[in-house]
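Me: I am new to this structure and would like to understand the words used for it. Could you show it to me, and then take my questions one by one?

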Amino acid sequence: MSGLFSLEGRVALVTGGSRGIGKMIARGYIDSGAKVYITARKAAACDATAAELSQNGGQCISLPGDISTVEGARALAQQIAEREDRLDILVNNAGAAWAAAFDTFPESGWDKVIDLNLKTPFFLTQALAPLLRKAASAEQPAKVINIASIDGIFVNPLETYPYAASKAGLIHLTRRMAAQLIADHIVVTAIAPGPFSSNMNTAARDSAEGVARRVPAGRIGNDDDMAGAAIFLASRAGDYVVGSTLTVDGGVAFARPGFEGESWSEDG
């Protein structure tokens with residue numbers, strides 16, 4: 001069974017990998033035997049995380065940059081192509097959020113969130129498709145995993161309009177990309193996280209006990225919860241899961257009907 005979940009010898013890229021859920025996934029992949037590239041906008045943080053995750057024999061390479069534009073996404077893909085002849089796993093995790101009142105919500109906030117959360121996963125996957133196709137086979141598909149949110153599944157009371165719309169869109173985009181790319185033996189799936197402690201989800205980070213009382217499982221998510229889900233989808237164990245979104249939220253979205261509360265969103 002250990003081989004079923006092994007990532008030994010595989011090459012992965014995790015965007016937004018310097019902190020939060022991206023770092024959780026990168027660490028899990030490294031512990032499972034993968035060589036992992038991480039990218040983030042802040043170079044110092046990206047380099048520090050790569051150094052930390054490379055301890056004890058792990059392979060984590062920092063490629064900092066801004067992938068919020070198509071040009072930035074293509075530049076990152078070129079950097080990977082200069083270093084690797086294939087890419088086995090792509091995790092589209094980098095994201096942003098913006099909250100403002102309906103009557104005054106700014107176009108700049110809308111564009112920033114939609115571009116990074118929805119446009120970037122598509123165009124980065126497009127740019128990396130040649131390397132994904134080189135890695136892919138019927139026996140060992142390549143994997144693309146989009147990090148969505150439970151805010152894309154139910155209505156969050158916070159006024160994060162483009163965040164919710166982008167994450168709902170990403171869930172549907174996952175299905176559409178999956179339908180197209182499975183013919184090339186590239187499996188596309190998504191993860192919809194709930195409350196995990198991070199600099200982005202300050203409620204879970206700073207008030208974990210209070211948030212936990214609103215989660216059916218009775219706690220917020222931990223590093224292993226996220227790493228385990230991402231390893232499952234990336235490994236041979238998840239080869240037959242195509243186009244699905246795996247909800248990792250302690251039951252918030254589906255095990256507590258009518259639930260309303262704070263923001264559970266998490267990415268980047």
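**Charged pairs and surface patches**

Reply: Let's begin with R219, which counts as partly exposed because its relative accessibility is 40%, and the term covers values between buried (under 20% relative accessible area) and exposed (over 50%), taken with a 1.4 Å probe and protein chains only. This is a predicted model, where local features need pLDDT of at least 70 and side-chain atom pairs count only at pLDDT 80 or more, while totals for chains, interfaces and linings use all residues. Residues are numbered from 1 along each chain as its sequence is written, and side-chain values use heavy atoms, leaving out hydrogens and water.

Me: What makes R219 and D225 a salt bridge?

Reply: A salt bridge needs a side-chain nitrogen of Lys or Arg within 4 Å of a carboxyl oxygen of Asp or Glu. The closest N and O atoms of R219 and D225 are 2.7 Å apart, so the pair meets that cut-off. D225 has 26% relative accessibility and is therefore partly exposed.

Me: How many salt bridges does the structure hold?

Reply: There are eight. One of them joins the side chains of K23 and E52 at 2.9 Å, N to O. K23 sits in helix α1 (residues 20-31) and E52 in helix α2 (residues 43-53), 29 residues apart; helices here are DSSP runs of H or I with at least four residues, strands are runs of E with at least two, and both are numbered from the N terminus. K23 and E52 also belong to a network of salt bridges with R27.

Me: Why is E52 called partly exposed?

Reply: Its relative accessible area is 32%, so E52 falls in the partly exposed class.

Me: Which parts of the chain does the salt bridge between R133 and D184 tie together?

Reply: The closest N and O atoms of R133 and D184 are 2.9 Å apart. R133 lies in helix α4 (residues 107-135) and D184 in the loop between α5 (161-181) and β6 (186-193), so the pair connects parts 51 residues apart in sequence.

Me: Is F102 buried or exposed?

Reply: F102 is exposed, because its relative accessibility is 59%. F102 is found in the loop between β4 (89-92) and α4.

Me: What makes the nonpolar surface patch?

Reply: F102, W110 and Y161 make it, over about 330 Å². Patch residues have over 30% relative accessible area and no salt bridge; nonpolar side chains (Val, Leu, Ile, Met, Phe, Trp, Tyr) are joined within 5 Å, and like charges within 9 Å. Areas come from the Shrake-Rupley method with a 1.4 Å probe.
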